[in-house]
Amino acid sequence: MQTDPIIRVTDEKQINLPAEIESQLIPGDEYRVIVKENCIVLEKITQPNVDLDDFLQSLEQLEPDPNQPTLEEISEIVKDVRQELWSNP
């Protein structure tokens, strides 16, 4: 019969994890802490797997943004901002 591991909080308010739990932890992983009435739950935060090829393909399939300024408009905005910055010391 297997029992759930028991941990104890030290005077410094730290916990020591049993080896069987510690062996499952991977450096860099993140956990969300959920505090309920009489329990604390650590829930691993999983990052979605993103396939770069799929992402780039879906990006190419997007319609152009009708509000996207042209390169000429961007150049004019930059020129105006530079003039404003240089004329106001």
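This is a predicted model: local features need pLDDT of at least 70, side-chain atom pairs count only at pLDDT 80 or more; totals for chains, interfaces and linings use all residues.
**Overall form**

The protein chain contains 3 helices and 2 strands. Followed along the sequence, these elements come in the pattern α-β-β-α-α. The chain has 89 residues, and a compact globule of that length would have a radius of gyration near 12 Å, but the value for this chain is 27 Å. Along the principal axes, the C-alpha atoms fill a box of roughly 75 × 45 × 25 Å. Buried residues account for 1% of the 89 residues.

**The strand pair**

Strand β1 covers residues 31-35 and strand β2 covers residues 40-44. The two strands run antiparallel and are joined by 5 bridges. Together β1 and β2 form a hairpin, with 4 residues between them. Two of the residue pairings can be named. Val-35 has Ile-40 in β2 as its bridge partner.

**Salt bridges**

How many salt bridges does a search of the whole structure find? The search finds 2. The table gives the residues and the distance for each pair.

| Residue with N | Residue with O | Distance, N to O |
|---|---|---|
| Lys-44 | Asp-29 | 3.0 Å |
| Arg-32 | Glu-43 | 2.9 Å |

In the salt bridge of Asp-29 with Lys-44, the partners come from distant parts of the chain, 15 residues apart. Asp-29 is in the loop between α1 and β1, while Lys-44 is in strand β2. Asp-29 counts as partly exposed, at 28% relative accessibility. Lys-44 is also partly exposed, with a relative accessible area of 39%.

The side chains of Arg-32 and Glu-43 form the other salt bridge. Arg-32 lies in strand β1 and Glu-43 in strand β2, so this pair ties together parts that are 11 residues apart in sequence. Arg-32, at 43%, counts as partly exposed. Glu-43, at 37%, counts as partly exposed too.

Most residues other than glycine have a negative phi. Which residue has a positive phi of about 60 degrees although it is not a glycine? The residue is Lys-13. Lys-13 is found in the segment before α1, the helix of residues 19-22. Is Lys-13 buried or exposed? Lys-13 is exposed, because its relative accessible area is 71% and the term applies over 50%.

**The largest pocket**

Rolling a probe the size of a water molecule over the atoms shows where empty space is left. The largest pocket has a volume of about 480 Å³. Its lining has 10 nonpolar, 1 polar and 1 charged residues. Among the lining residues are Asp-4, Pro-5, Ile-7, Ile-15, Leu-17 and Pro-18. The lining also includes Ile-21, Gln-24, Leu-25, Tyr-31, Ile-40 and Leu-42. By class, Asp counts as charged, and Asp-4 is in the lining.

Terms used:
Residues are numbered from 1 along each chain as its sequence is written. Side-chain values use heavy atoms; hydrogens and water are left out. On a 1 Å grid over the protein atoms alone, a cavity is a set of points where a 1.4 Å probe fits but cannot get out, and a pocket is an open set with protein on both sides within 12 Å along at least five of seven lines; lining residues have an atom within 4 Å of a point. Grid points are joined across faces, edges and corners, and a volume is the space filled by probe spheres set on the points. Two strands pair if DSSP finds at least two bridges between them. Buried means under 20% relative accessible area, exposed over 50%, partly exposed in between (1.4 Å probe, protein chains only). A salt bridge is a side-chain nitrogen of Lys or Arg within 4 Å of a carboxyl oxygen of Asp or Glu. The radius of gyration is taken over C-alpha atoms; the globule rule is 2.2 Å times the number of residues to the power 0.38.
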